[in-house]
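Please read it alongside the sequence and the model.

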Amino acid sequence: MNDTLLDTLNPEQRRAVTLPDASALILAGAGSGKTRVLTTRIAWLIQQGRVSPLGVLAVTFTNKAAKEMLARLAALLPISTRGMWVGTFHGLSNRLLRTHWREAGLPQSFQILDHQDQLAAVKRLLKALNVDTEKYEPRKVQWFINANKEAGLRAHRVEAFDPHTRRLAELYAAYDVQCQREGVADFPELLLRAYELLERNELLRQHYQERFRHILVDEFQDTNALQYRWLRLFAGPQAALFAVGDDDQSIYAFRGANTGNMAEFERDYAQGRVIKLERNYRSHGHILDAANALIARNTRRLGKNLWTEDGKGERLRLFQGYNDQEEAAFVMDEIRQLERAGASLADMAVLYRSNAQSRVLEHALFSAGLPYRVYGGLRFFERQEIKHALAYLRMLTHPDDDGALLRVVNFPARGIGARTLEGLQERARAAGTSLWQAACTAPGKLAPFVRLIEDLKRAIDGLPLAEALAQVIALSGLEAFYKGEREGAERLENLGELVNAAALFEQEREETEAEGPLDAFLAHAALEAGEHQAEAGRDAVQLMTVHAAKGLEFHTVFITGLEEGLFPHEQSFAENDGLEEERRLMYVALTRARRRLYLTFAQSRLLHGQTRCGMASRFLDELPPGALLPLNRSVPVPAPYGAAALAKSEAGLQVGQSVRHAKFGAGVIVDFEGRGGDARVQVKFGQAGTKWLVLQYANLQH
DNA sequence: GCGTGACATTTTTTT
DNA sequence: AATGTCACGC
């Protein structure tokens, strides 16, 4: 058994799997068998008797990755994976907080706010405090709160040197008070609360630190400051931290991921125990050569070079289209040819930098009658009918949840408008109670609603979860409402799907869990996006952003829209290290392909309702020419294209160039459009912000 | 209380 | 082009 576990591993992988009981950093390149090493390591540790299954803590970022890990473990070991702590940061934090809700200062049935719910809560707060939402945009306030929580900072510890930031910190403090009063926790709160719980409660800390002897983390390059501290706290002085990651695939810095964690981890924990997995089992040579050459341009890398024993394979096919439609038509033609040659559509992916680009591609595929599937977009548990049904459920288990009440109090419409609600909120504020309590004590127009909730409570008492949910959907009036809607059929279907999900959830649920089935299901709904929708499993071309493609692989990959300003995205030019992140993104895109890779771009494209001209992405210049196969007759790949390029060369300006304006001062060109007398450039100035200027009149110095 | 039209606002996304 | 937000009038 021991042998079979390690048999198929290469020497580096085996070395990683069989490391002693100490912390280590595994630098795992794309396609190097990262997940395999992680799961085999756990299996090996357990098999060797170095740790019991309950002494393992394995953390991932997505539920999908956690599930896959559990499935692989179950296949490797003759043990039950039930009760093992394998999950996402948020899922595990939730588990801890549900078990120790009292010590954590939370109500037993505390509810989890997803992104939407949180934004609604912030808006409500700003309104209650009479804050000018022009000056303090809800989204920005939300971002401020989350960024600080993810840095591990509570409101009183936020450093604020200017009045605006000070005010934001006050709002952050008020927001936390509101959440506490309502008994709800947003996503970063789960982690921060779990962290603080262990930090402050010595008994609990000792308990968990003694229990978890081996802590393993996947996608370590994506951890933020709080997650890293969370890991360190769980590990304590003794546990072995096994971190697997790839700094070259860090593409989430924009949401707080801190690649610096890897260097810090090496210094503080893994000194001398760093293993690089560089052998790639996925792609042919030309693809890897291209990826290696591209990523080599980034500074501050930990350094890795992928290699394969497979041959060079096909060169990367390069196509330039006249516009986005021609580009899409090309992609479609190639797909059709490949399909005719017997390739599976599901093994082809069309990637793009931003979601807006999918439309043209979808249109082309649709017209051609090729089945396709677009990833991203609205998730199951984020749909309004689902949120409504869940909000009713929340009212039943946790009536003090003001957000849930406001969501359903007048949906379906029952004549409770802004005026009534204002009165209700006023009374709640005066009495210092939740909206629900205020509604119960002075019902007035709200009486029917209060009665409805009470009736629902009685109706579902003792029912299994799925039946209870079906009752709620029927009795709340949601069902009748959507039956009457013209486009309600799909929503009704989704509600049916939700009942199914509840039934499935109850079936699979572990009985050992501390919380009731209702709370558990609501937490599940908040933490689990609800992956698959129709279309899944069918043989269809896969359309997705490069971000969404991370972790996946395909026989054939199309990387589209390779134009300056789009990929790399113009927004990145102004950001610190923005271009390096874009390059890592391109690296991720390249390494998704096993056998065939297409790189396409268009000279002009319709964006935000207007035609914009662009030139070929600099990333194309950064690939080794020998690995490329140009498909157009003339292929001046590095040369600029189109009218806009002309305008630029006329004026001697280009994107990324520093310029000076008489009034606005120093700035950097971030975009341009039009030609001749209409040519305009977008310049980001230090003081004056970002402005569009007509080239003819701007008189820019450079 | 609810429907309508003007208006801005557009990277990437998981939990 | 498309979507969400918001103020306004019925």
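A salt bridge is taken here as a side-chain nitrogen of Lys or Arg within 4 Å of a carboxyl oxygen of Asp or Glu. This is a predicted model, in which local features need pLDDT of at least 70 and side-chain atom pairs count only at pLDDT 80 or more, while totals for chains, interfaces and linings use all residues. Residues are numbered from 1 along each chain as its sequence is written, chains are lettered from A and ligands numbered from 1 in the order in which they are written, and side-chain values use heavy atoms, with hydrogens and water left out.

**Salt bridges**

The structure holds 48 salt bridges, and a network of them links Lys 149, Arg 154, Asp 176, Asp 186, Glu 189, Arg 193, Glu 196 and Arg 200.

| Pair | N to O distance |
|---|---|
| Asp 114 and Lys 387 | 2.4 Å |
| Lys 149 and Asp 176 | 3.1 Å |
| Asp 268 and Arg 232 | 3.5 Å |

Helices (H or I, at least four residues) and strands (E, at least two) are DSSP runs, numbered from the N terminus. The salt bridge between Asp 114 and Lys 387 links distant parts of the chain, since Asp 114 lies in the loop between β4 (111–113) and α7 (115–128) and Lys 387 in helix α17 (residues 384–397), 273 residues apart. Both Asp 114 and Lys 387 are buried, where buried means under 20% relative accessible area, exposed over 50%, and partly exposed in between (1.4 Å probe, protein chains only).

In the pair formed by Lys 149 and Asp 176, Lys 149 belongs to helix α8 (residues 138–150) and Asp 176 to helix α9 (residues 163–182), 27 residues apart; Lys 149 and Asp 176 are buried.

Asp 268 counts as partly exposed because its relative accessibility is 36%, and Arg 232 is partly exposed because its relative accessible area is 29%.

**Two further glutamates**

Glu 493 is placed in helix α24 (residues 488–508) and counts as exposed because its relative accessibility is 59%. Glu 581, by contrast, is found in helix α28 (residues 578–590) and counts as buried because its relative accessibility is 10%. Leaving aside neighbours within four places in sequence, Glu 581 is in contact (heavy atoms within 4.5 Å) with Ser 250, Ile 251, Tyr 252, Ala 253 and Phe 254.
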